[in-house]
Amino acid sequence: ESIVCYDLIEPVSTLENKDFFDLGKSLYSFHKSLNKYPRKNIVKRNTFARIKMLKDTLTKFISKSHRKSNQLNKIKKILIKEKNIFDQINKKDLNFLTHGDLVPSNIIKSKKKIFFIDFEDSSYSYFFKELDISIIIERLILFQKKLSNNKKKKLISLFISGYKNENYNKLVFNKSLYFALIFNNIKSMLTLLNSYDVKKKFISYELNKFIYLYKLANQNKKLIKSFEKN
């Protein structure tokens, strides 16, 4: 157990180039520790149940008309395009306990260490290691509009090199990083749609965010896939 004193810790936005290498090392060590979690079977069952629910939500959503809502119509087009995404994974792919929500607000950097917090999504996140890897790449690198393509490539390379360095082996991606990005955004959209209420503005805001992130993944598809060969 730990107590995090936010006033004494630097925000993750202060990450420098060398920190991305350390972030990769920290993520590998974190994944290694998660593998020792004694109740993985419970997380696995939760994950399978969540996937079934999301598949049902997808089928029901694309079967209905959403012409009155420009936002929902956009999402329907995306979901029709990606309607087979859950069929592209099987139980053999779902073999890794992940954090599931490694967004910048859940990553904290002190002067010497990097901490991961907020394990709410971990109770149903028995997926593949590439999910955590891709979320960090998406939110800390691809999402930064001011970064050039070369800069993005350098930071991704540092991050993945850190993960590989800690592993002492060549990193093998069991699932495509690009697929992991698309999968996470579709999963997030469907989770929000499962409790959709037009009166809840924050849900609409979150849906717009994942529409944007889905497009961002496609815009950077070539860049992301270039690392899958390493």
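This is a predicted model: local features need pLDDT of at least 70, side-chain atom pairs count only at pLDDT 80 or more; totals for chains, interfaces and linings use all residues.

Q: Why is Leu192 called buried?
A: The cut-off for buried is under 20% relative accessible area. Leu192 has 14%, so Leu192 counts as buried.

Q: Where does Leu192 lie, and which residues does Leu192 touch beyond four places in sequence?
A: Leu192 is part of helix 6. Setting aside residues up to four places away, Leu192 touches Ile203, Glu206, Leu207 and Phe210. As for Asn220, 28 residues separate Leu192 from it in sequence, and the C-alpha to C-alpha distance is 24 Å.

Q: What makes Asn106 buried or exposed?
A: Its relative accessibility is 4%, and under 20% is the requirement, so Asn106 is buried. Asn106 sits in the loop between strand 1 (96-97) and strand 2 (107-109). Beyond four places in sequence, Asn106 touches His99, Asp101, Phe115, Phe116, Ile117 and Asp118.

Q: Why is Asp118 called partly exposed?
A: The class lies between buried, under 20%, and exposed, over 50%. Asp118 has a relative accessible area of 36%, so Asp118 is partly exposed. Asp118 is in the loop between strand 3 (114-116) and strand 4 (126-127). Asp118 also has a positive phi of about 65°, although Asp118 is not a glycine.

Q: Which residues of helix 3 are buried, and what puts them on the same side?
A: The buried residues of helix 3 are Gln71, Leu72, Ile75, Lys76, Ile78 and Leu79. They cover an arc of only 165° around the axis, so they are on the same side of helix 3. An α-helix has 3.6 residues a turn, so residues three or four places apart point the same way. The face turned away from the buried side of helix 3 carries the exposed residues Asn70, Lys77 and Lys81. Helix 2 (40-62), helix 6 (177-193) and helix 7 (201-219) are among the elements that cover the buried residues of helix 3.

Q: Which residues touch the most other members of the largest nonpolar core?
A: Of its 67 residues, these are Leu23, Leu27, Ile75, Phe128, Phe159, Ile160 and Phe183. Helix 6 gives the largest share of this core, twelve residues. Leaving aside neighbours within four places, Leu23 is in contact with Leu15, Ile107, Ile114, Phe116, Ile136, Leu140 and Phe159.

Q: What makes helix 4 roughly perpendicular to helix 7?
A: Helix 4 (residues 129-142) and helix 7 pack at an angle of about 95°, with their axes 12 Å apart. Angles of 65 to 115 degrees count as roughly perpendicular, so this label applies to helix 4 and helix 7. Glu138, Arg139 and Leu142 in helix 4 meet Lys209, Phe210, Leu213 and Leu216 in helix 7.

Notes: Residues are numbered from 1 along each chain as its sequence is written. Side-chain values use heavy atoms; hydrogens and water are left out. Buried means under 20% relative accessible area, exposed over 50%, partly exposed in between (1.4 Å probe, protein chains only). Helices (H or I, at least four residues) and strands (E, at least two) are DSSP runs, numbered from the N terminus. The arc is that of the directions from the helix axis to the C-beta atoms. Contact means heavy atoms within 4.5 Å. A nonpolar core is a set of buried Ala, Val, Leu, Ile, Met, Phe, Trp, Tyr and Cys residues joined through side-chain atoms within 4.5 Å. Axes are lines fitted to C-alpha atoms, for helices over the stretch in contact, and angles run from 0 to 180 degrees between N-to-C directions. Angles under 35 degrees count as roughly parallel, over 145 as roughly antiparallel, 65 to 115 as roughly perpendicular and the rest as oblique.
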